[in-house]
Amino acid sequence: MSLRMNDTPPQCKPNRPQTAADSHVGYSKSQATPFDILEFAHATIADHLFPGDLSVDATAGNGHDTLFLSRQVGTDGLVLAFDVQETALASTRKRLAKAGCPDNVRLIHQGHESLALHLDALKNENPDVPPLRAVMFNLGYLPGSDKSLTTKPETSLSALRQALDALAPGGICSLMLYTGHAGGREEAQAVLEHVEQLDIKAFRCLRSEVCNKPGSPVISLLVWKR
Ligand code: SAH
């Protein structure tokens with residue numbers, strides 16, 4: 001796999017497709033169904049992430065986001081996907097193989113709080129590593145698994161800080177916050193408090209949630225780095 005530096009100024013983007021559909025990628029504005037909150041996040045990220053880019057799935061889980069990111073960055077790009085559970089990584093590995101994904105994903109069996117260390121190691125390995133354009137967090141527990149094994153406010157916040165620090169200008173960070181499980185509401189609150197105090201000159205943060213669904217809200221945050 002080659003890691004090429006994208007040396008074109010962001011405003012020109014001659015090599016960057018107008019939509020992901022112009023590349024090999026199976027995602028674009030027109031194909032997305034933005035009435036699902038996660039699809040909405042994917043559709044927005046698709047406008048910021050292109051073939052050859054670097055991206056991070058901070059919570060691989062069952063691999064839905066990893067697969068999306070892998071398709072988006074293509075054979076010349078790279079995805080770092082973190083999870084603390086081997087079962088999650090196995091499930092992600094299986095999903096990628098089934099989808100016939102290129103060899104552009106590194107599955108990392110460590111907490112996302114080690115993100116900066118891994119990005120530094122990547123830079124040492126290849127100084128031409130492409131800019132980090134997208135980071136996705138899907139917090140909570142692994143669906144279909146032990147509900148007590150969840151992401152935690154302290155480590156999620158640490159990883160979020162590292163992600164926002166490492167993102168390239170114009171890059172985007174997405175967070176899905178779940179409030180229905182034990183500790184979920186507190187974690188969502190901690191993340192919201194953190195993003196709400198981000199300097200508007202440096203970041204723009206969009207919050208969305210399904211407002212006509214009974215039960216515990218799922219909140220989507222999109223943080224765009226200026
Ligand atoms: N709740 C979501 C899925 C979340 S999956 C949904 O319903 O779709 C969250 C994943 O984060 C799990 O697979 C879990 O193992 C992982 N995780 C927990 N702590 C982590 C950490 N510190 N770093 C990386 N992944 C972590």
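In strand β7, Leu 221 is the bridge partner of Arg 207. The model is a predicted one, in which local features need pLDDT of at least 70, side-chain atom pairs count only at pLDDT 80 or more, and totals for chains, interfaces and linings use all residues. Residues are numbered from 1 along each chain as its sequence is written. Helices (H or I, at least four residues) and strands (E, at least two) are DSSP runs, numbered from the N terminus.

Strand β6 covers residues 203-209 and is joined to β7 by seven bridges, the two strands running antiparallel. Strand β7 (residues 218-225) also pairs with strand β5 (residues 172-178), again in the antiparallel sense and over seven bridges; two strands pair if DSSP finds at least two bridges between them.

Helix α5 (residues 153-166) and helix α6 (residues 184-196) have axes that come within 9 Å and cross at roughly 30°. The two helices are therefore roughly parallel to each other, a label for angles under 35 degrees. The crossing of α5 past α6 is right-handed, meaning that the near helix is turned clockwise from the far one by less than a right angle. On the α5 side, the contact is made by Pro 153, Ser 156, Leu 157 and Leu 160, and on the α6 side by Glu 186, Glu 187, Ala 190, Val 191 and His 194. Residues are in contact if their C-beta atoms, placed from the backbone, lie within 7 Å. By class, this contact has five nonpolar, two polar and two charged residues. Ala, Val, Leu, Ile, Met, Phe, Trp, Tyr, Cys and Pro count as nonpolar, Asp, Glu, Lys and Arg as charged, and the others, Gly among them, as polar.

The last topic is the ligand. Which residues come nearest to the ligand? Of the 19 residues around it, they are Thr 59, Gly 61, Gly 111, Gly 140 and Leu 142, where a residue is near a molecule if its C-beta atom, placed from the backbone, lies within 6 Å of it. The shell around the ligand has eight nonpolar, nine polar and two charged residues.

Definitions and conventions:
Axes are lines fitted to C-alpha atoms, for helices over the stretch in contact, and angles run from 0 to 180 degrees between N-to-C directions. Angles under 35 degrees count as roughly parallel, over 145 as roughly antiparallel, 65 to 115 as roughly perpendicular and the rest as oblique. Two residues are in contact if their C-beta atoms, placed from the backbone, lie within 7 Å.
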